[in-house]
Amino acid sequence: MAWFLGLGIAGVVLLALSFVLDGVLEGLLDGVAVVDGPLDGLLSLPVIAGFLSMLGFSGAIVLGTTGLGAGGATAVGVPAGAATGWCAYRLGRALARDSSGAAPRGEDLIGVTGSVVTAIPVGGYGEVLVRLAGQPVKLAARSPVAVARGAEVWVEGTLSQSAVSVRPVER
């Protein structure tokens, strides 16, 4: 039973390491034709960790609760480990393909109000703080007129990925 528990614990440790060493095993195996082709993604740390953990823990459970012995425990543990590894593989693929969280574009800033963090001189740059999708975003800003710190402004357009054109809000 100690061997099976050791495999289960090794799988849990490997899973914890996969959070820290994300992509290392995949990087080590880059360029190997067999791994890049049909086994692409199947030899990742989470998949191997899931297989080892389930093999070890289910084997230990079978050994402790039945009289099947090591062969029976292995016969139950290998398919259980393979199923867990397959689920980890499918979950990883689904998460990698998720594209629902599209990043905001510069055009999404047009018409948003914000406040000046660093005063904007005529012909120069200052900084504004705007809220985009509920998140504060600090951007470089230009204005055709001088704008004091703390003033409320409208975003008129984008100058670059991190700079906008603003105009003071008139009250």
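Q: Which ring does the charged end of R142 sit over here?
A: The ring of Y125. The charged end of R142 is 4.9 Å from the centre of that ring. Keep in mind that this is a predicted model.

Q: OK, and how many aromatic pairs are there in the whole structure?
A: A search of the whole structure finds one. The pair is made by W86 and Y89, with ring centres 5.2 Å apart.

Q: Why is that pair called tilted?
A: Because the planes of W86 and Y89 are at 40 degrees, and planes count as stacked under 30 degrees and as edge-to-face over 60.

Q: Where do W86 and Y89 lie?
A: In helix α5, which covers residues 69-97. W86 and Y89 are three residues apart there, so about one helical turn separates them.

Q: Is Y89 buried or exposed?
A: Y89 is buried, at 13% relative accessible area. W86 has 46% relative accessibility and counts as partly exposed.

Q: New topic: how many helices and strands does the protein chain have?
A: Five helices and five strands. Starting at the N terminus, the order is α-α-α-α-α-β-β-β-β-β.

Q: And what share of the residues counts as buried?
A: 26% of the 171 residues in the protein chain.

Q: What about the accessible surface of the chain?
A: The accessible surface is about 10500 Å², and carbon and sulfur atoms account for 65% of that.

Methods:
Residues numbered from 1 in each chain as written. Predicted model: local features only at pLDDT ≥ 70, side-chain atom pairs only at ≥ 80, totals over all residues. Heavy atoms only, no water. Helix = DSSP H or I, 4+ residues; strand = E, 2+ residues; numbered from the N terminus. Buried < 20%, exposed > 50% of the residue type's maximum accessible area, 1.4 Å probe, protein only. Areas by Shrake-Rupley, 256 points an atom, 1.4 Å probe, with all protein chains shown as cover. Phe/Tyr/Trp six-rings, centres within 6.5 Å; stacked < 30°, edge-to-face > 60°. Lys NZ or Arg CZ within 6 Å of the ring centre and 35° of its normal.
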